[in-house]
Every structure is written in C-alpha cells, then in structure tokens.
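The following paragraphs lead through a protein model, from its overall make-up to individual residues. Please keep the sequence and the coordinates at hand while reading.

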Amino acid sequence: MRTETTQRFITLGVLLLSLLAYTNAEPVKFADCGSTDGKVAEVDIQPCPSQPCQLHKGESYTVNVTFTSSVASQNCTAVVHGVVEGVPVPFPIPQTDGCKSGIQCPVEPQKSYSYVNQLPVKTEYPAIKLVVEWELTDDFSKDLFCIKFPVQIVN
C-alpha cells in the first residue's frame, strides 16, 4: 500500500518528466514561403514529438510561430492551406484574427511576437502526407509571415 507521501512523489515525478519532455521539444523545420513584412524565428507544434508531425484525425494541435514584424499594422489575419500535390486546399482554423491569437495589436515594426493558434484535424480528412502553408497577413494583405511545413494525417 502506497503512502500519501509516496503518491505525491510519483505525481511530482510524472509532472516534471512531462514538463521536461515539453521543454525539450525540437522546433519544427519549416520553409519560408514569402514573408515580405516579417521574419520567422521559430515554429513549434504541440504535440509533435517527431517530424514530419503526425496529425491524428479528431485531434487539435497548438501552432506557435515566433516572428518579428518589419511593418506597422492595425490588424493581422491568418490563412491556412493544405498543399496536396501542388494544389492549395483551404484548411479552416477556429480563429483567423491574429489579434486574438496571442498578438497584441496594433503590430509594431521591429517587435517580436508569438502567434498561437489551433490546428484542428477533422475526422473526415483523408490519411495523407501534405504540406501546411500558414500565412499571417497585414493590413495590406502582405505576409507578416508565410511558412510551409510537412505533416502526415493519420488515423
């Protein structure tokens, strides 16, 4: 029979190991696809223990893009596509307003931002390898960032 103290140590150990695994996650390898008004420093997807990220149907993933803007913008809007065999297919996300996704608007030049959003994977999506193209546009529809990263949708 475990004592209450032993149970607390086990719980603390599991919590610390989980935190360690999270903080040791590798940034996602990405390609810039036309960031004219900003520069991406890092892309992180949780959970994504290996690359390409395996996205399970019915699950949702947290996408965090750290970037620096080179322009001022009152607003910013996200557009996401799944590129399948060179054809971009709209990939709906729950929040397209970047100002409601971790960015304090207005966007200022030479300031670093952490954009955070959810990438839901619908159960009706086919199991397939594809490239996600994620853009965040400014007031003039120019890309604060445009990134591409490979994923695989799995059951």
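Is Gln110 buried or exposed? At 64% relative accessibility, Gln110 counts as exposed, where buried means under 20% relative accessible area, exposed over 50%, and partly exposed in between (1.4 Å probe, protein chains only). Gln110 sits in the loop between strand 6 and strand 7 and has a positive phi of about 65° although it is not a glycine. Ser141 also has a positive phi, of about 60°, and is not a glycine. Ser141 belongs to the loop between strand 8 and strand 9 and counts as exposed at 60% relative accessibility.

Some conventions apply throughout. The model is predicted, so that local features need pLDDT of at least 70 and side-chain atom pairs count only at pLDDT 80 or more, while totals for chains, interfaces and linings use all residues. Residues are numbered from 1 along each chain as its sequence is written, and side-chain values use heavy atoms, with hydrogens and water left out.

The protein chain has one helix and nine strands, in the order α-β-β-β-β-β-β-β-β-β from the N terminus on. Helices (H or I, at least four residues) and strands (E, at least two) are DSSP runs, numbered from the N terminus. Of the 155 residues of the protein chain, 34% count as buried. Residues 24 or more positions apart account for 66% of the contacts with a separation of 6 or more, a contact being heavy atoms within 4.5 Å.

Confidence is expressed by pLDDT, the predictor's confidence in each residue, from 0 to 100. The protein chain averages a pLDDT of 87, and 84% of the residues score at least 70. Where pLDDT is low, the predicted coordinates should not be read in detail.

Strand 4 (residues 60–69) has a covered face made of Tyr61, Val63, Val65, Phe67 and Ser69, and an uncovered one made of Ser60, Thr62, Asn64, Thr66 and Thr68. Two strands pair if DSSP finds at least two bridges between them. Strand 2 (residues 38–46) and strand 4 run antiparallel and are joined by eight bridges; Ser69 is the bridge partner of Gly38. Strand 4 and strand 7 also run antiparallel, joined by nine bridges, and Tyr61 stands opposite Leu119 in strand 7.

Thr62, on the uncovered face, is partly exposed, with a relative accessible area of 26%. Leaving aside neighbours within four places in sequence, Thr62 is in contact with Asp44, Ile45, Gln46, Val116, Asn117 and Gln118. The C-alpha atoms of Thr62 and Gln46, 16 residues apart along the chain, are separated by 5.1 Å.

Aromatic side chains come next. Rings of Phe, Tyr and Trp (its six-membered ring) pair if their centres lie within 6.5 Å; planes under 30 degrees apart count as stacked, over 60 as edge-to-face and the rest as tilted. A search of the whole structure finds five aromatic pairs. Phe91 and Tyr125 form an edge-to-face pair, 5.2 Å centre to centre with 65° between the planes. Phe91 lies in the loop between strand 6 (87–90) and strand 7 (112–120) and Tyr125 in the loop between strand 7 and strand 8 (129–137), so the pair ties together parts that are 34 residues apart in sequence. Phe91 counts as buried at 7% relative accessibility, and Tyr125 is buried at 15%. Phe67, Tyr113, Tyr115, Trp134 and Phe145 form one aromatic cluster.

A salt bridge is a side-chain nitrogen of Lys or Arg within 4 Å of a carboxyl oxygen of Asp or Glu, and the count comes to one. The side chains of Glu133 and Lys148 meet in it at 3.6 Å, N to O. Because Glu133 lies in strand 8 and Lys148 in strand 9 (residues 143–154), the pair ties together parts that are 15 residues apart in sequence. Glu133 counts as buried at 15% relative accessibility, whereas Lys148 counts as partly exposed at 32%.

Two cis peptide bonds complete the account. One joins Gln51 and Pro52, with omega about 0°; Pro52 lies in the loop between strand 2 and strand 3. Another joins Cys105 and Pro106, with omega about 5°, and Pro106 is placed in the loop between strand 6 and strand 7.
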